[in-house]
Amino acid sequence: MVRISDLSPNWEALAFDLYQENDEKETVNVDDVTSDSETDSTEEIDAHALITTLYSDQRKTKSEEGKGTKTKQEYALLVNDLEKQFVKKKMKNYEQAITVEAKHKRQTQQEMNELQRDMKYQVQEGKADTESKITMEKEAIQSSDASIQLYKDEQKILQEKLQKLNEKQQDLAMK
């Protein structure tokens, strides 16, 4: 991390050179490093090799007045808040999945009931086919029940996590 302080609020451009330490001295052409120079002189740079130069200008840098550096506690609260939002979003997604699965289960149940009603008017060959369809519908209903239970269990886990995050937030706020 690099921190630059006492920078004029009216700065226009900033260049930051990154060097890597070497065990031996290198000879570098000054023209390669600085574009302003018109001489062909070479100069030794003590045990450093230029890796890259980072550039920034004020057009690309957003300045927010009143925003300073945050304390460790403020960052911890921010991260905790982001985790809470993520958990709430997941809980909402599970709630939607439960709703969809319950709707699917109801539709399957209705189809199965229709098949059972129609079965009494069918001949023996049709009854065997209908019975296999009813079995498939029962399996689909059991699958929906299992999915709903899984989603509810996940929601309980997320609810506990949310409760722990709320406790953590209270503890962090007291520090």
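This is a predicted model: local features need pLDDT of at least 70, side-chain atom pairs count only at pLDDT 80 or more; totals for chains, interfaces and linings use all residues.
Residues are numbered from 1 along each chain as its sequence is written, and side-chain values use heavy atoms, with hydrogens and water left out.

## Overall layout

The protein has three helices and four strands, where helices (H or I, at least four residues) and strands (E, at least two) are DSSP runs numbered from the N terminus. Read from the N terminus on, these elements follow the order β-β-α-β-β-α-α. If a contact is taken as heavy atoms within 4.5 Å, then among contacts between residues at least 6 apart in sequence, 70% join residues at least 24 apart. The accessible surface of the protein, found by the Shrake-Rupley method with a 1.4 Å probe, comes to about 14600 Å², and 49% of that belongs to carbon and sulfur atoms.

## Helix H2 against helix H3

Helix H2 covers residues 72–119 and helix H3 covers residues 124–174. With its 48 residues, H2 reaches 70 Å from its first C-alpha to its last, close to the 70 Å expected at 1.5 Å a residue, the expected span being 1.5 Å times one less than the number of residues. The buried residues of H2, including Asn80, Lys84, Ile98 and Leu115, pack against H3. An α-helix has 3.6 residues a turn, so residues three or four places apart point the same way.

Which residues make up the largest nonpolar core? Val87, Met91, Tyr94, Leu158, Leu162 and Leu165 do, six residues in all, a nonpolar core being a set of buried Ala, Val, Leu, Ile, Met, Phe, Trp, Tyr and Cys residues joined through side-chain atoms within 4.5 Å. H2 and H3 each supply at least two residues of this core. Met91, leaving aside its neighbours within four places in sequence, is in contact with Gln155, Leu158, Gln159 and Leu162.

Tyr94 counts as buried at 18% relative accessibility, whereas Tyr151 is partly exposed at 21%.

## Salt bridges

Side chains of opposite charge can pair when their charged atoms come close. A search of the whole structure finds two salt bridges, each being a side-chain nitrogen of Lys or Arg within 4 Å of a carboxyl oxygen of Asp or Glu.

| Salt bridge | Closest N and O atoms |
|---|---|
| Lys105 and Asp145 | 2.6 Å |
| Asp129 and Lys133 | 3.7 Å |

Lys105 lies in H2 and Asp145 in H3, so this pair ties together parts that are 40 residues apart in sequence. Asp129 and Lys133, by contrast, both lie in H3, four residues apart, about one turn of the helix. Lys105 is partly exposed at 27% relative accessibility, and Asp145 is partly exposed at 34%.

Note on methods: Buried means under 20% relative accessible area, exposed over 50%, partly exposed in between (1.4 Å probe, protein chains only).
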